[in-house]
Amino acid sequence: MDGATVLVTGGNAGVGLATARGLARLGARVVITARDPAKGETAADEVRAAAPGAAVEVLDLDLASFASIRRCADEVQRRVEHLDVLINNAGLVQTQYRLTENGFETTFGVNHLGHFLLTTLLVDHLRASAPARVVVVASRAHQGARDGLDFDDLQSERLYRPITAYNRSKLANIYFTRELARRLAGTGVTANSLHPGFVASRLGRDGDGGTAGAVVMVLARPFAISPTRGARTSIYLASSPAVATTTGEYFAHCRPAKPARIATDDAAARRLWELSEALVAAPPDRG
Ligand SMILES: NC(=O)c1ccc[n+]([C@@H]2O[C@H](COP(=O)([O-])OP(=O)(O)OC[C@H]3O[C@@H](n4cnc5c(N)ncnc54)[C@H](OP(=O)(O)O)[C@@H]3O)[C@@H](O)[C@H]2O)c1
């Protein structure tokens, strides 16, 4: 990865921090984003300690704010001449129904829509940097969204269940990746999604998946893998020559994997893309 620049969203914790560390060790210049600048600087120091001499930078990014996303994308274009890899890693589970700054349900707004806006703002930069890669951290949890997305209620206004919203947001990550790959075919920019494994990170703890979710996470913790192991597939997709031209695929354990059948519905992927374009163009700005 010598000479390559990688942008990792949510690079201050968990899988994102381990991904940044691993790629810095491979010689990449790593730009991590954090919504809390202090956490970002602490994480950057950790990466520098693990990869002495590595170039590590921090950018502010709150994916629940379009203004923050636009500032971050502008800053990337100003600072980074060649953006070789974008890793859409940040994610959350949210107990309460809450709105983003622009009026979207937060799980959908952060996990899908925020990354949708960031990527579309950076796509010309990626194309100009080709060969380049987009890596999307989805989850096996997409399998839980058995009936697909509810296009009549993408914001869960009728019924909000934290895990359902999370599962659907992860299905949206796979749809987004497949449609992005289709749109970027022949440009030298690839897009692949992945499941990192069940990782002992902060996701779903602190009660943000609800009390039942927190209990399940504590009980299941002995079976969880470390963030370092959880970062392997992200690092593989960002760096391996073996996947330099692979695009539109879903990976687990550094190998192509079969997503749920519902995730291969490319008409739904296209519909989500078109709706997402409309939503970012005219946000409700509630709350
Ligand atoms: N852990 C698992 O078992 C598992 C399994 C499958 C998939 N995943 C996926 O892996 C990815 C990383 O999760 P993790 O397990 O590493 O969880 P984590 O330790 O909670 O890290 C999540 C990261 O996302 C950031 N983030 C949350 N909300 C944000 C916002 N509004 N704007 C910008 N950044 C935000 C967090 O920042 P703060 O530190 O400020 O909160 C943190 O850096 C997620 O996409 C998750 O869905 C995880």
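Modeller: The shell around the ligand splits into 13 nonpolar, nine polar and five charged residues. Ala, Val, Leu, Ile, Met, Phe, Trp, Tyr, Cys and Pro count as nonpolar, Asp, Glu, Lys and Arg as charged, and the others, Gly among them, as polar. Keep in mind this is a predicted model: local features need pLDDT of at least 70, side-chain atom pairs count only at pLDDT 80 or more, and totals for chains, interfaces and linings use all residues. Numbering runs from 1 along each chain as its sequence is written.

Colleague: Which residues come nearest to the ligand?
Modeller: Of the 27 around it, G10, G14, G91, S139 and S201. A residue is near if its C-beta atom, placed from the backbone, lies within 6 Å of the molecule.

Colleague: And which helix gives the largest share of that shell?
Modeller: Helix α1 (residues 14–25), with three residues. Helices (H or I, at least four residues) and strands (E, at least two) are DSSP runs, numbered from the N terminus.

Colleague: New topic: is α8 mostly covered or uncovered?
Modeller: Mostly covered, as six of the eight residues in α8 (residues 232–239) are buried. Buried means 20 or more other C-beta atoms within 10 Å of the residue's own, all placed from the backbone.

Colleague: Which ones are buried in α8?
Modeller: T233, S234, I235, L237, A238 and S239.

Colleague: What do the buried residues of α8 pack against?
Modeller: Several elements, including β1 (5–8), α1 and β4 (85–88). Contact here means C-beta atoms, placed from the backbone, within 7 Å.

How values were computed:
Buried ≥ 20, exposed ≤ 12 C-beta atoms within 10 Å, placed from the backbone. Contact = placed C-beta atoms within 7 Å.
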